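Dear colleague,

I am passing on to you the structure that follows, together with some notes on what was found in it. Please read the notes with the structure open beside them.

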Amino acid sequence: MQELALQRAYSEDDAVYRYIRKFIALPFLPHRQNRPMFLRLQAEAQTEPLQNLVTYIRQQQMESTVFLPKNWSVYQQAIRTNDDIEG
């Protein structure tokens, strides 16, 4: 976020905050819905920093040959931590 000059906008601009949170939520979707939702979010990027974020996510997650979307999707996976209980 800092390298893309989005830290301040994320903290102060509700629209930017909600937009970025949608990317953070991608792993919670079924893996078959990740690409269509990503493309939808990509089309909504209006500023250069947000477009740079989309490019980064595309390169690091969507087009990764190491971790495919089906590998990083946590949709309907069992919870493997006790953090929910402690919260």
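Asn34 lies in helix H3, which covers residues 31-44; helices here are DSSP runs of H or I with at least four residues, strands are runs of E with at least two, and both are numbered from the N terminus. With a relative accessibility of 0%, Asn34 counts as buried, a word that stands for under 20% relative accessible area, while exposed stands for over 50% and partly exposed for what falls in between (1.4 Å probe, protein chains only). Leaving aside neighbours within four places in sequence, Asn34 is in contact with Leu26, Pro27, Leu29, Met62, Pro69, Trp72 and Ser73, where contact means heavy atoms within 4.5 Å.

Please keep in mind that this is a predicted model, in which local features need pLDDT of at least 70 and side-chain atom pairs count only at pLDDT 80 or more, although totals for chains, interfaces and linings use all residues. Residues are numbered from 1 along each chain as its sequence is written, and side-chain values use heavy atoms, with hydrogens and water left out.

As for the protein as a whole, its secondary structure consists of six helices and zero strands, and 23% of its 87 residues count as buried. Among the contacts with a separation of 6 or more, 54% are between residues 24 or more positions apart. The protein exposes about 6,800 Å², of which carbon and sulfur atoms supply 49%; these areas come from the Shrake-Rupley method with a 1.4 Å probe, and for residues only the protein chains shown count as cover.

The largest nonpolar core has 15 residues, of which Tyr19, Ile20, Phe23, Phe38 and Leu50 touch the most other members; such a core is a set of buried Ala, Val, Leu, Ile, Met, Phe, Trp, Tyr and Cys residues joined through side-chain atoms within 4.5 Å. Two or more residues of this core come from each of helix H2 (14-24), H3 and helix H4 (48-62), and the largest share, five residues, is given by H4. Not counting residues up to four places away in sequence, Phe38 touches Phe23, Leu26, Val54, Ile57, Arg58 and Met62.

Three aromatic pairs were found in the whole structure, a pair being two rings of Phe, Tyr or Trp (its six-membered ring) with centres within 6.5 Å, called stacked if the planes are under 30 degrees apart, edge-to-face if over 60, and tilted otherwise. Tyr10 and Tyr17 form a tilted pair, at 5.0 Å centre to centre and 50 degrees between the planes. The rings of Phe23 and Phe38 have centres 6.0 Å apart and planes at 65 degrees, so this pair is edge-to-face. Because Phe23 lies in helix H2 and Phe38 in helix H3, the pair ties together parts that are 15 residues apart in sequence.

Glu12 and Arg8 meet in one of them at 3.1 Å, N to O, and both residues are exposed. Arg18 forms another with Asp14, the closest N and O atoms being 2.9 Å apart; these two residues lie in helix H2, four residues apart, about one turn of the helix. Glu63 and Arg58 also meet in a salt bridge, at 3.7 Å, N to O.

With best regards

Note on methods:
Salt bridge = Lys/Arg side-chain N within 4 Å of Asp/Glu carboxyl O.
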